[in-house]
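Hi,

Here is the structure I promised to pass on to you. Have a look at it first, and then read my notes below.

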Amino acid sequence: MFLKKLSGLLFLIFAFVLYVPAQQSSVEYGQPGELRGVTKIFVDSGFDAERREQIAKEIRKRLPNLEIVARPEESDFHLRFLANNEADEITGTIVKIVGENRVRVLFSFKETPQIFASDSIVGFGMRYAKPNIFAAQFVKLYKKANSES
């Protein structure tokens, strides 16, 4: 009897554990114009604090009135920059969290390896420049959205 109850309990726990990770964010698509009036952003570069600071520095230089916050829940939008160094590939997205399991993507891009070897000076320069390119693209979209009235 005890074994039967225990196996039933374990089954329910196992079913719940499998169900929770299966819940993924629902993705919506918006327009860069939604950046109008934004005052706070969060820059997410995963565990790469150096690239995060590089992006934040570039944005602060061009948009000094825009606040870059340390916690995602304090922001209006998230700038997500991820680099796969093995594939020399970067992905950048601008998203707004619109619900517990809902995000709205305003802009995204993906860059793949260049012709130059990643260990060459040009390859190193391109890897260093990519966070700045992403920051510059955000600044351009932000300025365009906020100049329209």
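What you have is a predicted model, in which local features need pLDDT of at least 70 and side-chain atom pairs count only at pLDDT 80 or more, while totals for chains, interfaces and linings use all residues. Residues are numbered from 1 along each chain as its sequence is written, and side-chain values use heavy atoms, with hydrogens and water left out.

**The overall layout**

The protein chain has three helices and six strands. The chain has 149 residues, and 28% of them count as buried (under 20% relative accessible area; exposed is over 50% and partly exposed is in between, with a 1.4 Å probe and protein chains only). Now take contacts (heavy atoms within 4.5 Å) with a separation of 6 or more: 63% of those in the protein chain are between residues 24 or more positions apart.

Now for the pairings. β1 pairs with strand β6 (residues 102–111) in the parallel sense, over four bridges, and Ser-26 is opposite Arg-102 in β6. β5 and β6 run antiparallel and are joined by nine bridges; Thr-91 faces Lys-110 in β6. The hairpin from β5 to β6 goes through two residues. β4 also pairs with strand β5 (residues 89–99), in the antiparallel sense and over seven bridges. Look for Phe-81 there: its bridge partner in β5 is Gly-92.

Start with Ser-75, in the loop between β3 (67–69) and β4 (77–84). Is Ser-75 buried or exposed? Its relative accessible area is 16%, so Ser-75 counts as buried. The Ser-75 side chain makes a polar contact with the side chain of His-78 at 3.3 Å, and it also reaches the backbone oxygen of Phe-77 at 3.4 Å. (A polar contact is a pair of N or O atoms within 3.5 Å; within protein, one must be able to donate a hydrogen and the other to accept it, and residues adjacent in sequence count only if both atoms are side-chain atoms.) If you leave aside neighbours within four places in sequence, Ser-75 is in contact with Lys-40, Ile-41, Phe-42 and Val-69.

The other one is Leu-66, in the loop between α2 and β3. Leu-66 has a relative accessible area of 5%, so it is buried. Leu-66 and Val-38 are 28 residues apart in sequence, yet their C-alpha atoms are 7.8 Å apart in space. Not counting residues up to four places away, Leu-66 touches several others, including Val-38, Ile-59, Phe-138 and Tyr-142.

**The aromatic rings**

That brings us to the rings. Searching the whole structure gives four aromatic pairs (rings of Phe, Tyr and Trp, using its six-membered ring, pair if their centres lie within 6.5 Å; planes under 30 degrees apart are stacked, over 60 edge-to-face, and the rest tilted). In one of them, the centres of Phe-107 and Phe-109 are 6.1 Å apart with planes at 45°, so that pair is tilted. Phe-109 is buried, at 13% relative accessible area. The rings of Phe-138 and Tyr-142 are tilted too, because their planes are at 35°, with centres 5.8 Å apart. These two are four residues apart in helix α3 (residues 121–147), which means about one helical turn separates them. Both Phe-138 and Tyr-142 are buried.

Finally, which residues form one aromatic cluster? They are Phe-81, Phe-107, Phe-109 and Phe-134.

Cheers

Terms used:
Pairing = 2+ DSSP bridges.
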